Amino acid sequence: QVQLVESGGGLVQPGGSLRLSCATSGSIFSIETMGWYRQPPGKQRELVATITSVGSTNYVDSVKGRFTISRDTAKNTMYLQMNSLKPEDTAVYYCNADVRITLWRRNVYWGQGTQVTVSS
């Protein structure tokens with residue numbers, strides 16, 4: 001079984017920063033693309049950023065220049081550095097990973113989510 005555990009959420013004032021972490025554990029052969037998603041109150045879950053196994057990144061336009069996604073392959077951990085936070089960034093943030101359990105078997109896993117609230 002594979003588990004993803006997010007941490008680092010909390011309450012921050014507008015303009016502040018937070019760093020989210022997503023630790024992956026379990027029976028893992030390798031991890032392909034990882035991503036951060038968020039679900040604002042009353043809205044659907046949306047993609048925030050992704051990072052491939054070779055470090056290629058992609059961001060939704062609303063966070064470009066403010067958020068940075070990264071990963072530590074040795075630790076099977078992904079990060080999201082969030083700067084210049086805005087009230088509209090308030091959401092539950094989820095991490096997602098495309099995991100090879102074996103060379104021929106892949107599944108997508110989700111974390112349980114961590115709350116980020118941006119408010120004065």
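**A disulfide and a salt-bridge network**

With a relative accessibility of 0%, Cys22 counts as buried (buried is under 20% relative accessible area, exposed over 50%, partly exposed in between, with a 1.4 Å probe and protein chains only). The structure is a predicted model, so to speak of a local feature takes a pLDDT of at least 70 and a side-chain atom pair counts only at pLDDT 80 or more, while totals for chains, interfaces and linings use all residues. Residues are numbered from 1 along each chain as its sequence is written, and side-chain values use heavy atoms, with hydrogens and water left out.

Cys22 has a partner: a disulfide joins Cys22 to Cys95, with the sulfurs 2.1 Å apart (a disulfide is a pair of cysteine sulfur atoms within 2.5 Å). The S-S torsion of Cys22 and Cys95 is about 60 degrees, so the disulfide is right-handed. Cys22 sits in strand S3 (residues 18–26) and Cys95 in strand S9, so the pair ties together parts that lie 73 residues apart in sequence (strands are DSSP runs of E, at least two residues, numbered from the N terminus). Cys95 is buried too, at a relative accessible area of 0%.

Next come the charged side chains. The count of salt bridges comes to six (a side-chain nitrogen of Lys or Arg within 4 Å of a carboxyl oxygen of Asp or Glu). One of them pairs the side chains of Arg38 and Asp89, at 3.0 Å from N to O. Arg38 belongs to strand S4 and Asp89 to the loop between S8 and S9, so this pair links parts that are 51 residues apart in sequence. Both ends are out of the way: Arg38 is buried at 4% relative accessible area, and Asp89 is buried at 1%.

Asp89 has another salt bridge, this time with the side chain of Arg66, at 2.8 Å from N to O. Arg66 is in the loop between S6 and S7, and Asp89 in the loop between S8 and S9, so here the parts tied together are 23 residues apart in sequence. Arg66 counts as buried, with a relative accessible area of 10%. Salt bridges with shared partners join Arg38, Glu46, Arg66 and Asp89 into one network.

What else does Asp89 reach? Its side chain comes to 2.8 Å from the backbone nitrogen of Lys86. Leaving aside neighbours within four places in sequence, Asp89 is in contact with Arg38, Arg66, Phe67, Ser84, Val116 and Val118 (contact means heavy atoms within 4.5 Å). Asp89's own loop runs between strand S8 (77–82) and strand S9 (91–100).

Arg66 has its own set of contacts. With neighbours within four places in sequence left aside, the list for Arg66 is Gln81, Met82, Asn83, Ser84, Leu85, Lys86 and Asp89. The side chain of Arg66 also gets to the backbone oxygen of Ser62, at 2.9 Å. Ser62 is found in the loop between strand S6 (57–59) and strand S7 (67–72), and Arg66 is in the loop between S6 and S7 as well. At 40% relative accessibility, Ser62 counts as partly exposed. Between the C-alpha atoms of Ser62 and Thr114 there are 20 Å in space, and the two residues are 52 apart in sequence.

One more salt bridge brings together the side chains of Lys64 and Asp61, at 3.0 Å from N to O. Lys64 is partly exposed, with a relative accessible area of 49%, whereas Asp61 counts as exposed at 61%.

Methods: Helix = DSSP H or I, 4+ residues; strand = E, 2+ residues; numbered from the N terminus. Polar contact = N/O pair within 3.5 Å; in protein donor to acceptor, adjacent residues only side chain to side chain.
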